[in-house]
Amino acid sequence: MSERPFLRVLVTGSTTWDNPDTVRRALSQLPPHSVIVTGDTPGADACAVAVAAELGLSVQRMKKNRADQRAFPGEAWRGLNERMLATGIDLVLAFHADYGKPGCARGTGHMVELADKSGTEIRIFRE
C-alpha cells in the first residue's frame, strides 16, 4: 500500500448492493483523510458515498464519458474502471454478493482484474 498517511480507495460493486453496514466496517478501518473514489451508480457506489460522508472521508465520484462510450460501445463502464484505477489507487474494495459466480459481476470482476494486474491490493466482500 501507499507510503502516504492516507489512502486512495476505490469502491466498486453491485448496483443492487444494499448493505451499508459492510461498507461502513470496511471504510471505518481506513486511515483518516483517505479519499474514496467510486462511480455514480446506485448500490455499492451510493453506499460508499453515504458512509464516507458519515465518516468524514472525501469522495471523488467519477462518471462514464463519451470517450469511454467510444472506446467500449455498450460497455462504457470498462473505460470508467480504467480511468478510476489510473487516478492512483492504493486499495480496491469490491462489494458484490455474486462475485466469482459464472456470468455474474462483470463490472466488479473487470475492476478486480485490472487492480490485480496493476499490483493494487484488493479486498472482496460478498455479504
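Student: Which residues of β1 point one way, and which the other way?

Tutor: Arg 8, Leu 10 and Thr 12 point one way from β1, while Val 9, Val 11 and Gly 13 point the other way. The model is predicted: local features need pLDDT of at least 70, side-chain atom pairs count only at pLDDT 80 or more, and totals for chains, interfaces and linings use all residues. Residues are numbered from 1 along each chain as its sequence is written, and side-chain values use heavy atoms, with hydrogens and water left out.

Student: Why is β1 called largely enclosed by the rest of the structure?

Tutor: Buried means under 20% relative accessible area, exposed over 50%, and partly exposed in between, with a 1.4 Å probe and protein chains only. Six of the six residues of β1 are buried, so the strand is described as largely enclosed.

Student: Why does Leu 30 count as buried?

Tutor: Its relative accessibility is 11%, so Leu 30 counts as buried. Leu 30 lies in the loop between α1 (20-27) and β2; helices (H or I, at least four residues) and strands (E, at least two) are DSSP runs, numbered from the N terminus.

Student: What is Leu 30 in contact with, leaving aside its neighbours within four places in sequence?

Tutor: Contact means heavy atoms within 4.5 Å, and the residues in question are Leu 7, Val 9, Ile 36, Leu 57 and Leu 91. Of these, Val 9 is 21 residues from Leu 30 in sequence, at 8.8 Å from C-alpha to C-alpha.

Student: What makes β1 and β2 a pair?

Tutor: Two strands pair if DSSP finds at least two bridges between them. β1 and β2 (residues 35-38) have four bridges, in the parallel sense. Thr 38 is the bridge partner of Val 11, and Val 35 stands opposite Arg 8.

Student: In what order do the strands form the open sheet, and what makes a strand an edge strand?

Tutor: The order of the five strands is β3-β2-β1-β4-β5, with parallel pairing. β3 (58-61) and β5 (121-125) are the edge strands, as each pairs on one side only.

Student: How do the residues lining the largest pocket divide into nonpolar, polar and charged?

Tutor: Ala, Val, Leu, Ile, Met, Phe, Trp, Tyr, Cys and Pro count as nonpolar, Asp, Glu, Lys and Arg as charged, and the others, Gly among them, as polar. On that basis the lining has five nonpolar, twelve polar and four charged residues.
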